[in-house]
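Hi everyone, thanks for making time.

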Amino acid sequence: MTETLAEMAMQGDPGTLATEEQASKIKLLEPQQLYELWERQHWLSHEIDFAADRTHWENLSDEERDWFVWGLASFFIGEERVTTQFSGLVMAYEDESEEAFLTTQQVDEARHTQFFDRFYREVIQIEGDNWEQRLARVREELNDAFVKLFDEELVEANQRLVANPRDPAAKVDFVTTYHMVIEGTLALTGQFFIVDYLERHNLLPGFCDGFKKVARDEHRHVAYGTWFLKEKCGSSDAMVARMRSCLQELLPVASGVLVPKGADPNDWTLLDYTSDQVNEFAFKALTRRLKAIGVPLVAEGVPA
Ligand SMILES: [Fe+2]
Ligand SMILES: [Fe+2]
């Protein structure tokens, strides 16, 4: 085995490649390989060391603290949503390898929720004796686009799959919503800019360590979604149309999730980054994944 673990974690996710040309030629990892990768990439959310983070948190500027309280709320509640709204996909497995991988993804999402809960309790020192109180408090920070995407679209897609796990259209809708839009377009974009900021400013080392491990898990999840959609869309024009209409409906909602409260949705700045930088990063990664799947966002011959 010549690759490092870090390289292996990225290689199944074409969103990380430098060019569309590379993305179109990538050999996607299959669920069995992704399961085996999970065994090698195990980590413990309760062993992340937050000792230095508490002092760092106290020393952040007001602008930084406000931003992190807002930005991380979408991650904390987002992880809770993607943990509890995942069971339909586990029920929809088509062979043992896919089932093995999907069960690892559900436990990964629970681990991510635990990681954020620890950070909110031990570093931000949020009030609330139980999960319900803490989640309710953090929910106060969310915007309307988040509620639409995570509490309506994701919940409904999961319920359709729970009602009929053998319905291929329901499975394509769910994986497009969850793996392509929520994980691939939103979560990995947010993680990239947050880690970039924290590393450049030498801030919150424990959080940064854990968040990079979360991102490594997310690359595996998105690699599964890319593999699945290529399998389904490669043999069915109906599934291509389904995936494309789901993306076209949800991408504008997803871009709204990234807009800070009260900001102009077309022109905002967050810490060191402009909305153009963030949207371009998200769009490029999505385009690479769609290239690997073989389904461009807009059908050829149709004006964009
Ligand atoms: Fe996650
Ligand atoms: Fe995930």
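Let me start with a word I'll need a lot: a residue is buried if 20 or more other C-beta atoms lie within 10 Å of its own, exposed if 12 or fewer, and partly exposed in between, with C-beta atoms placed from the backbone. So L271, with 15 C-beta neighbours inside 10 Å, counts as partly exposed.

Some housekeeping. This is a predicted model, where local features need pLDDT of at least 70 and side-chain atom pairs count only at pLDDT 80 or more, while totals for chains, interfaces and linings use all residues. Residues are numbered from 1 along each chain as its sequence is written, and chains are lettered from A and ligands numbered from 1 in the order in which they are written.

When I say helix or strand, I mean DSSP runs, numbered from the N terminus: H or I of at least four residues for helices, E of at least two for strands.

Back to L271, then. You'll find L271 in the loop between β1 (269-270) and β2, and its phi is near 50 degrees, a positive value in a residue other than glycine. Most residues other than glycine have a negative phi. L204 is another one with a positive phi, near 45 degrees. L204 belongs to the loop between α10 and α11, and with 25 C-beta neighbours inside 10 Å it counts as buried.

Now for the nonpolar core, meaning a set of buried Ala, Val, Leu, Ile, Met, Phe, Trp, Tyr and Cys residues joined through C-beta atoms within 7 Å. Which residues touch the most other members of the largest core? They are L149, I182 and M243, out of 53 residues. Several helices supply at least two residues each, including α3 (31-40), α7 (96-124) and α9. The biggest giver is α10, with 11 residues. There's also another core lying apart from this one, of 20 residues, with I77 and F115 among them.

By contact I mean two residues whose C-beta atoms, placed from the backbone, lie within 7 Å. Leaving aside neighbours within four places in sequence, I182 is in contact with V82, L149, L154, T177 and A187.

Let's look at one helix pair. The axes of α9 (residues 144-163) and α12 (residues 237-257) come within 7 Å and cross at roughly 125 degrees. Axes here are lines fitted to C-alpha atoms, for helices over the stretch in contact, and angles run from 0 to 180 degrees between N-to-C directions. That makes α9 oblique to α12, since under 35 degrees counts as roughly parallel, over 145 as roughly antiparallel, 65 to 115 as roughly perpendicular and the rest as oblique. On the α9 side the contact is made by A145, F146, K148, L149 and E153, and on the α12 side by L250, V253, A254, G256 and V257.
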